[in-house]
Amino acid sequence: MADEEQFRTLAERDPKLAASIVAQMADDPMRDERMYDLMQIWVAKDPSQAAAWVVELPFGSMKNDASLTSAWAQNDIEAATTWVASLDADTPARAEAIKALAFHLGGLDPQRGLAWLGRLKPGDRNLIVVNFAAAWSDKDPRSAANWLRYQAGDIDPRTRDQASLAVIHSWAADEKSAASASNWIDGIPDGELKENAKATFAETHAETSPPEALPWARDIRDLERRLEVTMVVFEEWILSDKEGFRAEITTEWENYEPELREEIYDLLLDEDPEFKKELIKLYENREEDPIE
């Protein structure tokens with residue numbers, strides 16, 4: 001902690017000297033942290049000087065325009081937008097910078113972000129829409145989802161679907177808003193997006209409510225995908241509420257596909273071998289010698 005405080009003090013006093021220290025550090029997470037701290041301080045003090053330093057860096061991991069953009073956007077979104085627009089369109093650093101700006105605009109000011117998106121070239125819009133929608137969904141997932149569904153027709157359909165799934169993930173992760181997410185998914189026309197949305201919702205919501213997540217997993221049409229997602233839900237369930245899991249399995253066992261029963265047996269072998277013995281005794285023997 002002392003080293004971090006000393007570095008921030010140096011960056012406040014002499015950002016150029018702090019920058020020279022960062023430039024000599026090994027390529028590791030510590031350098032990334034120092035870079036971000038430096039950019040936050042330097043951008044607030046002298047954004048033009050900070051930008052000039054980044055521009056002069058040789059190409060490589062140190063030319064981290066994303067760090068600059070992230071720090072800048074928190075202080076002055078308009079200036080950050082202008083800075084990103086000035087970057088060479090052919091450099092990988094610009095791609096990271098524009099995605100970072102999209103993320104901050106989505107989280108801080110979605111309406112300004114939408115206006116900005118409208119001015120971008122199609123390739124840039126497709127590059128950043130997932131970041132933008134994911135950040136927007138942290139505060140207002142329904143608005144982000146509705147924009148993607150009804151107003152983002154100029155976005156590549158596959159990219160738009162990826163953004164929609166990112167929104168659903170955020171939406172379903174909040175236990176209080178999961179019900180509204182499931183209602184929104186209900187309204188999606190049948191097709192690949194809806195099937196992926198079911199899986200995303202089930203896998204995410206399983207972390208907070210496996211019983212509510214399970215019907216979505218069981219509604220997936222493709223058998224292999226259905227088994228995979230159902231087992232994700234069951235794995236969360238048995239760890240968080242073993243008695244509830246046992247009750248579900250006991251009640252529904254005879255409705256499960258043979259493939260799913262085998263997967264459950266494998267899970268129980270590791271997590272609850274006694275219950276596995278009970279199931280075999282209760283159901284497998286009954287199937288071999290049915291009671292009239």
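Predicted model: local features only at pLDDT ≥ 70, side-chain atom pairs only at ≥ 80, totals over all residues.
Student: Contact means heavy atoms within 4.5 Å, so which residues of α12 meet α13?
Tutor: On the α12 side you'll find A178, A181, S182, I185 and D186, and they meet K194, A197, F201 and H205 in α13. By class, five of the residues in this contact are nonpolar, two are polar and two are charged. Here Ala, Val, Leu, Ile, Met, Phe, Trp, Tyr, Cys and Pro are nonpolar, Asp, Glu, Lys and Arg are charged, and the others, Gly among them, are polar.

Student: Where do α12 and α13 sit in the chain, and at what angle do they cross?
Tutor: Helix α12 covers residues 178–186 and helix α13 covers residues 192–205. Their axes come within 10 Å and cross at roughly 165 degrees. That makes α12 roughly antiparallel to α13. Helices are DSSP runs (H or I, at least four residues), numbered from the N terminus. Axes are lines fitted to C-alpha atoms over the stretch in contact, with angles from 0 to 180 degrees between N-to-C directions.

Student: Left-handed or right-handed, that crossing of α12 and α13?
Tutor: Left-handed: that's how α12 passes α13. The near helix is turned anticlockwise from the far one by less than a right angle (clockwise would be right-handed).

Student: What about α13 and α15, what's the angle there?
Tutor: The axes of α13 and helix α15 (residues 223–240) cross at roughly 15 degrees and come within 9 Å. That makes α13 roughly parallel to α15. Angles under 35 degrees count as roughly parallel, over 145 as roughly antiparallel, 65 to 115 as roughly perpendicular and the rest as oblique. The crossing of α13 and α15 is left-handed.

Student: And which residues meet there?
Tutor: From α13 it's N196, A199, A202 and E203, and from α15 it's R225, V229, V232 and V233. This contact of α13 with α15 has five nonpolar residues, one polar and two charged.

Student: New topic: how do α9 and α11 pack?
Tutor: Helix α9 (residues 122–137) and helix α11 (residues 157–173) have their axes 8 Å apart, at an angle of about 20 degrees. They are therefore roughly parallel to each other. The crossing of α9 and α11 is right-handed.

Student: Which residues of α9 and α11 make the contact?
Tutor: N126, V129, V130, A133, A134 and S137 come from α9, while α11 gives T159, Q162, A163, A166, V167 and S170.

Methods. Residues numbered from 1 in each chain as written. Heavy atoms only, no water. Helix = DSSP H or I, 4+ residues; strand = E, 2+ residues; numbered from the N terminus. Contact = heavy atoms within 4.5 Å.
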